[in-house]
Amino acid sequence: MAVDPTAPYDSENIFAKILRGEIPCNKVYEDDHAFAFHDINPQADVHILVIPKGAYVSWDDFSEKASDAEIAGFVRAVGTVARDNGLVVRGYRLLGNVGRNGGQEVPHMHVHLFGGGPLGPMLAR
Ligand code: 5GP
C-alpha cells in the first residue's frame with residue numbers, strides 16, 4: 001500500500017522491526033545514525049537500502065525534522081556504503097521514493113543504492 005508521507009511514524013513498519021532486530025536482514029553497514037542492508041527483492045545486481053536509525057517516515061519528514069548530525073551522518077553513510085561495496089568506479093544510482101506518486105511502500109525513510117552494471121534509463125516510460 002502506498003505510504004502517506006504526512007502520516008505519523010508507525011513503529012511497527014518493517015524497517016523499524018529490522019532496526020530492532022525483530023526481523024532478519026542481510027546487513028552491510030551500521031553506525032550511530034544509519035543502517036544498510038540488501039533489498040529482499042533486488043532490482044539490480046547490487047541493490048542496497050540505507051536507512052536512518054531515527055523514526056522518520058520519508059525524505060520529506062527526515063529533511064524537515066532530523067538534526068544536522070543525523071542528516072550529515074546519513075549522507076556520509078550512503079557514500080561509505082557505495083565505496084565499501086565497490087560501486088564508485090563504475091557508477092551507481094541513488095533513489096528515494098516519497099509517497100504515492102513516488103511509489104513508496106515502506107513508511108521508514110530510506111534510499112535505494114543500485115549498481116553492479118548499467119542501470120538503464122532514469123525512469124520507466
Ligand atoms: P519503497 O518502494 O518503499 O521505496 O521500497 C521499499 C523496498 O523495501 C522494496 O524495494 C522492497 O523490496 C524492500 N523490502 C520490503 N520488505 C523488506 C524486508 O523485509 N527486507 C528487506 N531486506 N527489504 C524489504
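Select K53 and E30: their side chains meet in a salt bridge, with 2.7 Å from N to O. A salt bridge here is a side-chain nitrogen of Lys or Arg within 4 Å of a carboxyl oxygen of Asp or Glu. K53 lies in the loop between β3 (46-52) and α2 (59-65), whereas E30 is in strand β1 (residues 27-30), so the pair ties together parts that are 23 residues apart in sequence. Helices (H or I, at least four residues) and strands (E, at least two) are DSSP runs, numbered from the N terminus.

This is a predicted model, in which local features need pLDDT of at least 70 and side-chain atom pairs count only at pLDDT 80 or more, while totals for chains, interfaces and linings use all residues. Residues are numbered from 1 along each chain as its sequence is written, and side-chain values use heavy atoms, with hydrogens and water left out.

As for accessibility, buried means under 20% relative accessible area, exposed over 50%, and partly exposed in between (1.4 Å probe, protein chains only). E30 is partly exposed at 39%, K27 is partly exposed at 45%, and K53 is partly exposed at 32%.

Next, move to helix α2 and select D61 and K65, which lie four residues apart, about one turn of the helix. Their salt bridge has its closest N and O atoms 2.9 Å apart. D61 is buried, at 8% relative accessibility, whereas K65 is exposed, at 56%.

Finally, select E12, R20 and E22, which are linked in a network of salt bridges. Over the whole structure, the search finds five salt bridges.
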